[in-house]
Structure formats: C-alpha cells, structure tokens
Amino acid sequence: MSIGLMTEAWKTNLPAGRKLLLLSLCDNASDSGECYPSIATISQRCGMVERNVYRHLGVFEKCGAIERKNRVGRSTVYRIDASKFSAIPHSDTPDIASPTPDASVTPDIASPLTPAS
C-alpha cells in the first residue's frame, strides 16, 4: 500500500466511482506506483461492473495517470503517476457519457399521456 499515492488520490475532486477506483489502485500499489490487481478484483473491491472498471481505466490511461502494461498469461501491471491526477477529467465527454437523442423517435401512441381518473 502506498500511503503517498492514496493521500494524493484523496485530494482529487473526482466523482465517487472514479475516485474509488483510483483509491483501489493506490491501495494495491507499491511506493514506486506499481500494482497488478485483476479486473475482477478491482470490480469486486469497488462494487462496479467490469465494463465501468475498463472505462475508468481508459480515462486514467488517456490522461497519463496510469500506464498499463499487459503481460501474457498474467495480470496487467499498472504504473500510477500521481503528478497526473489533476489531469483526470471529472466527467466523460457528452458523446461518451450518453447517446445523442434521436429526433425520429416518437412516443408510443398506445401509451396514455395522463393517468386515467
């Protein structure tokens, strides 16, 4: 466990899920910033589905807060860079977070607009 990395992670102003995942990585990390938890372990520890774990890890990697090194037949090694924590976006861009509304979608004609009295 790297107390230094965890202290820096606590100082971030990130949404709860993203911060929790960052804290989980820091909790597993050595003082040099290396850790190698499996996706299943991170998912279980953070109480989130694996898809969200991958999504958050992708955000961390894109801004340089982590570097992933895949190892054949073994878990991935993550190298954490606390100096990049401030570069982690607080939210996803609109095109990633939610689909664009489709103007061609119309309400179901069979569904009532107001409840029956």
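Tutor: A definition comes first: angles of 65 to 115 degrees between axes count as roughly perpendicular, and those over 145 as roughly antiparallel. Note too that this is a predicted model.

Student: At what angle do α3 and α4 pack?

Tutor: Helix α3 (residues 39-46) and helix α4 (residues 50-63) pack at about 105°, and their axes are 9 Å apart. The two helices are therefore roughly perpendicular to each other.

Student: Which residues make that contact?

Tutor: From α3 they are I39, A40, I42 and S43. On the α4 side they are E50, V53, Y54 and L57. By class, this contact has six nonpolar residues, one polar and one charged.

Student: And α1 with α2, what's the angle there?

Tutor: About 170°, with the axes 8 Å apart. Helix α1 covers residues 3-11 and helix α2 covers residues 16-28. That angle makes α1 roughly antiparallel to α2.

Student: Who's touching whom, by residue?

Tutor: α1 contributes L5, M6, A9 and W10. α2 contributes K19, L22, L23, C26 and D27.

Student: How many of those are nonpolar, polar and charged?

Tutor: The contact of α1 with α2 has seven nonpolar residues, two charged and no polar ones.

Student: Switching to the sheet. What's the strand order?

Tutor: The order is β1-β3-β2, in an open sheet of three strands with antiparallel pairing. β1 and β2 stand at the edges with a single partner strand each, so one side of each has no neighbour in the sheet.

Student: How many bridges join β1 to β3?

Tutor: Two bridges join β1 (residues 34-35) to β3 (residues 77-80), and these strands run antiparallel. E34 has R79 as its bridge partner in β3.

Student: And how many between β2 and β3?

Tutor: Four, and β2 (residues 66-69) also runs antiparallel to β3.

Student: Which residues in β3 partner I66 and R68?

Tutor: I66 is bridged to I80, and R68 is bridged to Y78.

Student: Last topic, the rings. How many aromatic pairs are there?

Tutor: The count comes to zero, taking pairs as ring centres within 6.5 Å.

Student: What lies over the face of Y36, then?

Tutor: R71 does, at 5.6 Å from the ring centre.

Methods:
Residues are numbered from 1 along each chain as its sequence is written. This is a predicted model: local features need pLDDT of at least 70, side-chain atom pairs count only at pLDDT 80 or more; totals for chains, interfaces and linings use all residues. Side-chain values use heavy atoms; hydrogens and water are left out. Rings of Phe, Tyr and Trp (its six-membered ring) pair if their centres lie within 6.5 Å; planes under 30 degrees apart count as stacked, over 60 as edge-to-face and the rest as tilted. A charge sits over a ring if NZ of Lys or CZ of Arg is within 6 Å of the ring centre and within 35 degrees of the ring normal. Axes are lines fitted to C-alpha atoms, for helices over the stretch in contact, and angles run from 0 to 180 degrees between N-to-C directions. Angles under 35 degrees count as roughly parallel, over 145 as roughly antiparallel, 65 to 115 as roughly perpendicular and the rest as oblique. Contact means heavy atoms within 4.5 Å. Ala, Val, Leu, Ile, Met, Phe, Trp, Tyr, Cys and Pro count as nonpolar, Asp, Glu, Lys and Arg as charged, and the others, Gly among them, as polar. Two strands pair if DSSP finds at least two bridges between them.
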